[in-house]
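Subject: Structure handover

Hi,

Here is the structure I promised you. Please open it first, then read my notes below.

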Amino acid sequence: MDNKYVKLLLLAFLLSFPSESFAQFVNTSNYWNCSNRTGGTWTFGHAPSACSVNPFIGSDYVKSKFSPYIFDDSANRAGERERYMSEMHNLVIKASEYYIKRRKPSVSATEVKYFNEAILAITHQESFMTHYRDGSILRMMRGDFGHGHGLMQIDDRWHFANVKDGNAAHLIKNLFYALDIYYEAWQLAPSKNCVPSSTAYYTRSRAAYSAYNGGLDDICRFRNPGHSFARNDSNFKDKLDTKAWSRYINAVSPTPVNIACLANTTSANCSTTNPNPTPPNEPPVSTSFFAVGELIQLLKNINVRQTPGGKRVATFKAGESFQVLDRSLTNGARYYLIQKNNIKGYVYAGTEATHSQWVKEGRDAILYLPVIGSEITVLTRSGTNLRITPGGTRLTTIPNGTRLSVLSVQVTSGLKELYVKVKYGNQTGYLYSGTLAPRYTVSNWISIR
Amino acid sequence: MKNAKSQPLITKSELSLLFGGFIFLSSCYFVNKSMKNTESVKKEIVLKNEKYKTKKESKKTDRNIAQSLEFENKNSNSNDPLSTLKIAETCIESKACDLPNNDPRAYSLAAYSNLASEIDANRFFITTNWNSEREVDFKRFFKYSNGFVKEAALRTVLALKDRELLAFTNELAINIIHDHNAQMMDLTMEFIDRIQDTNVKDQIENEWIQAMITGSPNKSEALAKYSHELINEQSIPKFKKALNKLPKGSPERTHLESSVREFEMTQAGG
C-alpha cells in the first residue's frame, strides 16, 4: 500500500476520535493535593481547613511577598486577628478598587464604594477572609471538603486548570479570578427586572451576589425567599448590612499596597512608595548570588517552578549542576532559572543567610547561554549589529552564520537583555543576543557551541 | 522530475475508500457517544419530572419542565443527530434535568458542561453539514457566558474551512478575546493565525489591545504574554501606545514591554 495513503488513513482515524482533554469538570477527590491538613475555627483569618500551599505555589515566595496577609497560628489569637484583619481588609479594598477602575475607568466613587463592600461581604461569606495561615508549615485555606481554595473558595472541580496552575493559591490572582465572575454579574444586574436601576447599588450588590453564587441565570434569586439556596442570599445580606469584619480592624495603618506589583509573579519589591518596582535581576547582594551564565549545583532536591515561587513543574535532584539562565530576588528570597532538556523553571535558593544550604558552585553542566570562551553563531537573517556598548553606537553588522568567540557576557537590568562581547575583525563590541525573561528569545539570535 | 499534475496526491478510488473508512470509524465513535448521551439526558429529564411531580414547585418551573419534555419528545421522534445537543440546551434553560444540585452552582455548571460535551461530540456532523443557516444558528453558542461552551464552540469553528471560519471574527473579538477566561489562548491564536485579511487582523488587534487595557487583569496578562505574535511593522505603534496605559509594575506591562523591545531590537538588527 502507498505510504502516503497509509498516512492519510491514519490521519482520518485520528480525526474521528476528538480529543476530550480540554478543561471541564474534573472529579477531584475530597482534599485533593492536600498535605499537612489542619483544622481551624469559624473566625476571621482562621477558618477551617488548611493544607500546605507548596503543591501549588512556593511557600518561600508567599512569605517573601505576602507576609502581612499570612495569619500566624502561633501568635496570640485576638491580637493576631486584629493585625491580620486590618491588613486583609485593606488589601481586599485596594484589589477590588484596582479591579473596577481598570474595567470601568469612568466608574463613580459611589459605585466603587458599594462594589468594595460587596466584595468584602463575599470574602466574609466564602472564607471568613482566610487565605494563608502559618504555623510550622505555610498553609492555605481549603473549605468545602478541600474543594474550595483560599479567600474566594475557587473550586478545584470546576476551575481545575486555574487551581493547578497556582492561580487560586496566589492571593491576588485568587481575588481577580472571583472578581471576574462578580463583575460580570454586577454589569448584567441593571438589565434585570429585579434591579430598578444601575445606581440602585445595594440591590445591584445583592443581585450580583445571587449570580456569583448560583450562576447568571439565578441573578434574581435574592427576590425569591422560597428558593432552595435563598439562605445564601440572606446570609450575604446580613454580612453586607452588619459589616462584622469592621469590628476587628484596628487603628494601626496597614502596609501600603501595590496591587499591580503583587499580581506580578516576577517583580520583586512591591512597595507603594516606589511606583516603578525594582527589577528582579542584578540586585545589590553579595557575590554568593550566582550570576547569569554561571554554574550551580543543587544541594537538595528542589522544586522547579514556572515563575519564581509559582506553579511547580518538576523537581530536580540534589547533586545535579545547571547553568543559571536568569536570577531573581524577591524580598530577600533568591531564585535561579535553570533548564534540563525541555524542562525550564525557577528553583528557590534560600536567602542571603541560608543560600549555602541550597546551592553551591557547579561544574559540567549543559550550557544554554554563552560563557567566556564559548563559540557562538549569528542566527539573524540580516545579521546583527555590533555596538560599542550594550544598546550603544553601531560599529558594523555581523552577517548571518558568522562564528565568534565570546569575550564576556552581560545582562541588562529591567528588560533582561543578553549582550555578548565579541571581537569581529579588528573591532570589539557588544552583540544583542535576545531576552532571558519573561520570554526567552536567545535561540532566535545566536546558537552556542 | 515528475510532473506534479500527472501525479495527484490521491486518486478518486483511494479517496472513496479513505472516506468510507473515515465515516465508518467516526460513526462507531459518534453513534455510540450520541446514543449514550441521548439516553442519559432523556432519562434525566424523565426522572426529574417524576421527582418534581411529588414536589410543589412554582408555576414557572412546571412550565419549564413541560416545555422541556415537549421539546424532548418532539426531538426524540426526529432523526436529527443534533437532538442531544438541543436537549442539553433545554436543560440549561429549564433547570429541570436530573443534574447535581447539591450546591448553588452545581446544576448550571453541569448543564453547561453537558452542552460543551455535546458540541464536541457533534463537531464532525456540524462541520461537515455546514451551511449559512447553521452558521447563523451556531453563533449563539459564543453568547453563553460559560467558558466550557465557548471553548467547545471555538474548537468546532476551528475545524471549518478558512472562509467559513472568518464569519466568526466578531465572535472571536467580542466573546472570546474580551472574555475573562484566560484558558483559551492557544485556540485564539490558532484562529488568528488563519486570518489573512489585513483589515480583519487590524480589527482583532484593536480588540486585543482594548481587552488588555480594560479587561480582566488575569486575561490582560495572558493577552500580553501572546502579544509578540501580533506585533509587526504595522501594529507596533498601537502596541507601544497601549504599553503606557497598562499599570506600572503589572505582569501585563512586563510582558508587553519585553515583546515591544524585542521587536524593536529585531527591526534595528540588534
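Start with the surface of chain B. Its accessible area comes to about 13400 Å². Carbon and sulfur atoms hold 52% of that area. Bear in mind that this is a predicted model.

Chain B is helical. It has 14 helices and zero strands. Along the sequence, the pattern reads α-α-α-α-α-α-α-α-α-α-α-α-α-α. Chain B has 270 residues, and 53% of them are buried. Now take its contacts with a separation of 6 or more: 68% of these come from residues 24 or more positions apart.

Which residues of helix 10 in chain B are buried? This helix spans residues 185-193, and the list is B:Met185, B:Leu187, B:Thr188, B:Met189, B:Phe191 and B:Ile192. An α-helix has 3.6 residues a turn, so residues three or four places apart point the same way.

Now chain A. It has eleven helices and 21 strands. Its C-alpha atoms fill a box of roughly 85 × 70 × 45 Å along the principal axes. Of its 449 residues, 55% are buried. For contacts with a separation of 6 or more, residues 24 or more positions apart supply 61%. The accessible surface of chain A is about 18600 Å², with 50% on carbon and sulfur atoms. Chain A carries 50 positive and 33 negative charges, and their mean positions lie 4 Å apart.

Look next at strand 12 of chain A, residues 333-340. Is it mostly covered or mostly open? It is mostly covered, with seven of its eight residues buried.

Strand 12 of chain A pairs on two sides of the sequence. Strand 11 (residues 326-330) of chain A runs antiparallel to it, joined by five bridges. There, A:Arg327 stands opposite A:Tyr336. The hairpin of strands 11 and 12 of chain A has two residues between the strands, and A:Asn331 takes a positive phi near 45°.

Strand 13 (residues 343-348) of chain A is also antiparallel to strand 12, with six bridges between them. In this pair, A:Tyr335 stands opposite A:Tyr348. Two residues again separate the strands of the hairpin, where A:Asn341 has a positive phi near 50°.

Best wishes

Methods
Residues numbered from 1 in each chain as written. Chains lettered and ligands numbered in written order. Predicted model: local features only at pLDDT ≥ 70, side-chain atom pairs only at ≥ 80, totals over all residues. Heavy atoms only, no water. Buried < 20%, exposed > 50% of the residue type's maximum accessible area, 1.4 Å probe, protein only. Helix = DSSP H or I, 4+ residues; strand = E, 2+ residues; numbered from the N terminus. Pairing = 2+ DSSP bridges. Contact = heavy atoms within 4.5 Å. Areas by Shrake-Rupley, 256 points an atom, 1.4 Å probe, with all protein chains shown as cover. Lys, Arg positive; Asp, Glu negative; His and termini not counted. Charge placed at Lys NZ, Arg CZ, Asp CG, Glu CD.
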